[in-house]
Each structure stands twice: as C-alpha cells, then as structure tokens.
Amino acid sequence: MSSYYRVRLNKVPHVLEDEVTSLSFQYGASGVTEALAFTQSDLTYDPDLIPVKTHDLDVFFPEKPQEIFFTDLSKVDQNIKWNLFEEQNKDWLEEWKKGFKPFQIVGPFWIVPSWLQPPPECTQPIYIDPGMAFGTGTHATTKMASYFVHKMAEKHKSEVKNWALLDVGTGTAILAMLAAKSGFGLVSGIEIDPEARRVARENIQLNKLSEIDISDSLLEEVKGEYDVVIANIIDGVLLNIKKDLLRVLKPGGFLFLTGILTERDNLFFENFIEQSNLKVLRRLEKEEWVGYWVQKDLSCEDIG
C-alpha cells in the first residue's frame with residue numbers, strides 16, 4: 001500500500017502563515033490544513049474563531065520532503081517546530097463501509113447497507129447507501145424517532161393508512177421509508193441539502209417505495225396539514241422553525257421532536273412545548289439526547 005508524509009508544524013505565527021504555506025507548496029506539498037481554535041455555544045450558529053498569535057499546520061507531501069525544506073523553514077522562523085509522520089493511503093469510503101453492518105432499528109425493521117445481504121433474521125430490510133449525506137440510522141435521535149413511528153403505526157394500525165406524514169429534514173430518508181413500510185398512506189419528506197435530497201431519492205428507489213415524495217420545498221413553503229410530523233433536528237433549529245412545524249400539523253395531530261440535548265431540555269420544554277399548548281404523550285432519553293412525542297390540541301387552529 002502506498003504512503004504519504006504529513007508534517008505537523010507547531011507555533012506558526014499568524015503573520016507568517018501565508019509565507020509558510022507558499023514555501024510548502026514550493027517544495028512539493030500537495031495540501032496544507034490548519035487547526036483552528038473556535039467556540040460554538042449553539043449548534044444553530046456558525047462557530048466563532050478565537051484570535052491566536054500562532055497556529056498548528058499539517059502539510060501533506062506525496063513523497064518525503066527534502067531536508068532543505070526544513071532548513072528554509074527555520075530561516076522563516078527558527079521557533080517553528082515540526083514532526084514528520086509517514087502514513088498509509090486509504091480508501092476512506094471503503095474503510096468506513098467495513099464498519100457499517102446491518103442492524104435492527106426497531107421492531108422487525110433492519111437498516112441494511114445496500115452493498116450487503118440482510119441477515120436471515122431480518123424480515124423487513126430498509127436498504128440505504130448514505131453516500132456523502134448524513135444519516136445511517138445509528139444515531140440515538142434517529143432510533144428514538146424510529147421508535148415513535150413504529151409505536152404510532154402499531155397503536156393506530158387501522159388508521160395510519162389514511163394519514164399523511166411529513167418528515168422534516170429527511171436526510172437519507174430512513175424515517176420516511178420506515179413510515180411507508182409501517183403502513184402510513186401518504187409519506188413526504190423535505191430536506192434543505194440538495195445532496196441529501198439526491199441520496200434520499202436514490203434510497204427510495206432502491207427500496208421500491210416510489211410513492212414517497214421528496215420535495216425541494218422549504219418548510220415555510222409547505223402547504224396543507226399533516227397528521228404526523230417528524231422533526232429529527234437539533235433543538236436550536238427546532239425552536240427557530242417552531243411556528244412552521246405547528247402550522248403544518250393538523251389539530252389533534254402528532255409531532256415527534258428528537259434532537260434535543262439533555263443539557264438544554266428544560267429550556268426547550270419551556271420555549272417550545274409549554275408555549276405551544278402541546279400534550280406530551282411520551283418522553284424518551286437516550287445517551288445525551290431527549291425525544292418527545294407530543295399532540296397538538298384539537299382546538300388549536302394556528303399556534304405561533
């Protein structure tokens with residue numbers, strides 16, 4: 001297997017970063033990355049960079065760099081320190097695939113990578129190929145949402161065939177496909193990431209579930225109302241889209257909210273659930289995440 005070389009440069013002054021980068025490329029570097037210091041108090045906002053006087057850089061070379069590179073680097077700044085590492089080239093997508101195995105997500109339903117055969121005990125496979133999109137079904141929030149969908153279908157077995165379900169932020173469409181396989185009559189998904197939409201549609205075709213509609217619409221553009229709405233999204237975003245989530249939910253309809261961090265649960269409960277006259281039917285906690293199954297008041301026509 002072929003290898004490459006990584007040079008970790010420590011204590012590169014910010015003002016000399018461009019000069020060091022240019023010198024690296026001059027001596028055959030194929031790439032340079034920078035380790036940035038940042039803060040991010042809320043996942044709904046972009047991180048804020050912390051101003052620092054020096055950075056750590058990783059410089060990548062297809063071949064071992066010549067000694068003159070390090071000599072000239074010292075001439076730029078003798079305080080810059082370095083370590084040289086030889087590393088093996090890998091097909092990272094293939095390496096990742098090795099660790100992605102079929103698993104039971106809820107009830108009889110299994111998530112099965114598209115390149116593998118389902119195990120003998122799997123009676124209801126959901127095949128996925130996530131590609132570059134987020135969503136393999138292994139995350140705690142997806143498992144909680146899957147549990148809600150499955151229990152809803154069991155509890156209202158004779159009714160869900162006439163119900164409409166909307167999966168907001170569908171990702172690779174795992175929850176939408178689970179809903180369709182569980183018997184929901186009309187299943188739709190929306191997703192702001194175009195790559196995820198493409199992958200979701202491919203997974204739907206892979207599972208022969210062409211009745212699922214993956215729309216290009218944003219949530220604020222969605223018309224009509226749904227009996228069930230799934231929102232497996234981080235809590236800060238849920239608060240931002242609360243008005244539209246409740247707008248598309250029928251009076252008496254059910255809303256699955258997962259993606260709430262345990263440390264922000266009280267804040268979320270006060271600002272989303274208490275202020276919206278929602279009835280909590282079930283609360284789950286898994287790892288550091290919380291999920292809610294709530295119902296909209298029948299008397300509520302529009303909750304803002």
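Modeller: Start in helix α6, residues 194-206. Glu195 and Arg198 sit three residues apart there, so about one helical turn separates them. Their side chains meet in a salt bridge, at 2.6 Å from N to O. The term needs a side-chain nitrogen of Lys or Arg within 4 Å of a carboxyl oxygen of Asp or Glu. Helices here are DSSP runs of H or I with at least four residues, strands are runs of E with at least two, and both are numbered from the N terminus.

A word on the basis. This is a predicted model, in which local features need pLDDT of at least 70, side-chain atom pairs count only at pLDDT 80 or more, and totals for chains, interfaces and linings use all residues. Residues are numbered from 1 along each chain as its sequence is written, and side-chain values use heavy atoms, with hydrogens and water left out.

Now the exposure of that pair. Glu195 is partly exposed at 26% relative accessibility. Arg198 is partly exposed too, at 38%. The scale is relative accessible area: buried is under 20%, exposed is over 50%, and partly exposed lies in between, using a 1.4 Å probe and protein chains only.

Helix α2 (residues 67-76) holds another such pair, Asp72 and Lys75. They too are three residues apart, so about one helical turn lies between them. Their closest N and O atoms are 3.7 Å apart, and the pair forms a salt bridge. The two ends have different surroundings. Asp72 counts as buried, at 18% relative accessibility. Lys75 counts as exposed, at 66%.

Arg8 forms a salt bridge with Asp58, and their closest N and O atoms are 2.8 Å apart. Arg8 is partly exposed, with a relative accessible area of 23%. Asp58 is buried, at 11% relative accessibility.
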